[in-house]
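Please read the points with the structure open.

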Amino acid sequence: MITEHKIQISNLKPYTKYYYCIGDTKDTLAGVDTSHYFVTAPVKGTEMPIRIWALGDAGYAIADQRNVRNAYYKYIGSKHTNFWLILGDNAYSDGKDDEYQIGMFENMFENMLAKSSVWATPGNHDIRKYRDLPYTAPYYSIYDMPQKAECGGIASNNPGYYSFDYGNVHVISLETNHTPRYDTSAMAEWLKKDLAANKSRWTLAFMHHPPYSKGSHNADDTTGEDLRCTETRKYLVPILEKGGVDFVITGHSHVYERSYMIHGQYDSSGTFLDEPHIVNAQISGRRDSNEVYVKNPKDQNYPNYGTVYNVMGCSGFIESTIYWVKQPNNLITNSMMYTYSNKNLGSMLIEVNKDTLTARFIDKNAIVRDYYTIIKDETKQITLIKAKLNKDLHVGISENQSENHTKLSIYPNPAINKLSIDYNVEHKEKVVIEILNTQGNVVNTVLNQTQSAGQYSAEISCNDMPNGVYVVSVKIGRNVTTKQLVIKE
């Protein structure tokens, strides 16, 4: 018996609602009602409101997944969702056909599937049982993606990765599991051509493995499953950014994470700097703070600079996060992520209208937990955040970690011949005390050892240190505290 069918319909009008039913000459299986319809895509380049729903790692077939679904339905109300993106791990735990039935179709997303097109990317669990022959996985028979450029873009001739156009939005799906990710791979070469040919105002990309994450997966790891994250960041992100991609959304890590608008960060998170990696001075991206992100496609120095990276692997399950830490050794004031959470299940609503894109993270109670706006404005000059030193900056506390401030004092300050550093250790921890110059270089490692709980004082000579401004950095376990130091003769 045939269980999958593909039907090609021609001569449809653009952006038109069509009602349908499914069956044969004897029986109707579905339809003949107002809930079974689809709306065709508008003419390429059309400026109009577009609503996109994104879910990651949602295929658990459990109540939390339904709660996330219901919360989105409640939030969106009667407004039509033009299309939706599923970010991989759509059926746990092996991507088998029966797992897809309960993870996607039965008492799950059938109402949305009946009226809105879904665009998919495979996750590691979608092909887990089929790694030796990934294209035999049920994923590749359930979803029939436009590898021949049937919906716009450049033909990939591969069912794993593709692109399509919808109005003034160009969407790219990359396959980061079994497809080579190197910058000379077939997928990378196709991506370069697709972006070069793209003339849409907005460009979105989605894939399973996040180039940046400190959630249930660590994108800084260079072995095992997370090597896919590292290679995506190293080889594919430069291509995406060179092509002016505005927004990248992924799954895999079972948390919510959202970067600043950044550019050029292709190494590990420890090398991240305010300057040059954060683009323009709009920190939060939020309208209520007057800090929307701005991109200028025609800027002379930074044409179309800036991409926001979202991890949305929390649409069915949540896991502990590692933590994002600011990098005092680099004298920066921001970590790579503007916000992150391992407390809220949810999904994302992305709305595009003319020169404005707004993304909202909607939790399972229909509460907006995070949002930001990007505006394309050819009159704005794009700048990079200037690296600056925050005095007495305490960094390194994660959401699920109890705050443990280091009681740090340095004296005298300004110092002349000697400097004393007093601090306390609440639990047995490794302690690293360093003095850095204003370029972020370590000029003196005062201490690097494990110490028991207690009060400590370190005394050092300043005679060999030139006059000027320095930073004292005290790292106890995962917590870092810095204080500004001035040395005079």
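1. Tyr 293 and Tyr 372 are both buried (under 20% relative accessible area with a 1.4 Å probe, protein chains only; exposed is over 50%, partly exposed in between). This is a predicted model, in which local features need pLDDT of at least 70 and side-chain atom pairs count only at pLDDT 80 or more, while totals for chains, interfaces and linings use all residues. Residues are numbered from 1 along each chain as its sequence is written, and side-chain values use heavy atoms, with hydrogens and water left out.

2. The whole structure holds 26 aromatic pairs (rings of Phe, Tyr and Trp, the last by its six-membered ring, with centres within 6.5 Å; stacked if the planes are under 30 degrees apart, edge-to-face if over 60, otherwise tilted). The ring centres of Tyr 293 and Tyr 372 are 6.2 Å apart and the planes are at 55°, so this pair is tilted. Because Tyr 293 belongs to strand β13 (residues 293–295) and Tyr 372 to strand β18 (residues 368–376), the pair ties together parts that are 79 residues apart in sequence. Strands here are DSSP runs (E, at least two residues), numbered from the N terminus.

3. A cluster linked by ring pairs comprises Trp 53, Tyr 72, Tyr 73, Trp 84 and Phe 109.

4. Two charges over rings deserve mention. Lys 17 lies over the face of Tyr 37, at 4.3 Å from the ring centre, and the charged end of Lys 376 sits over the ring of Trp 202, 4.5 Å from its centre. The criterion is NZ of Lys or CZ of Arg within 6 Å of the ring centre and within 35 degrees of the ring normal.

Definitions and conventions:
Helices (H or I, at least four residues) and strands (E, at least two) are DSSP runs, numbered from the N terminus.
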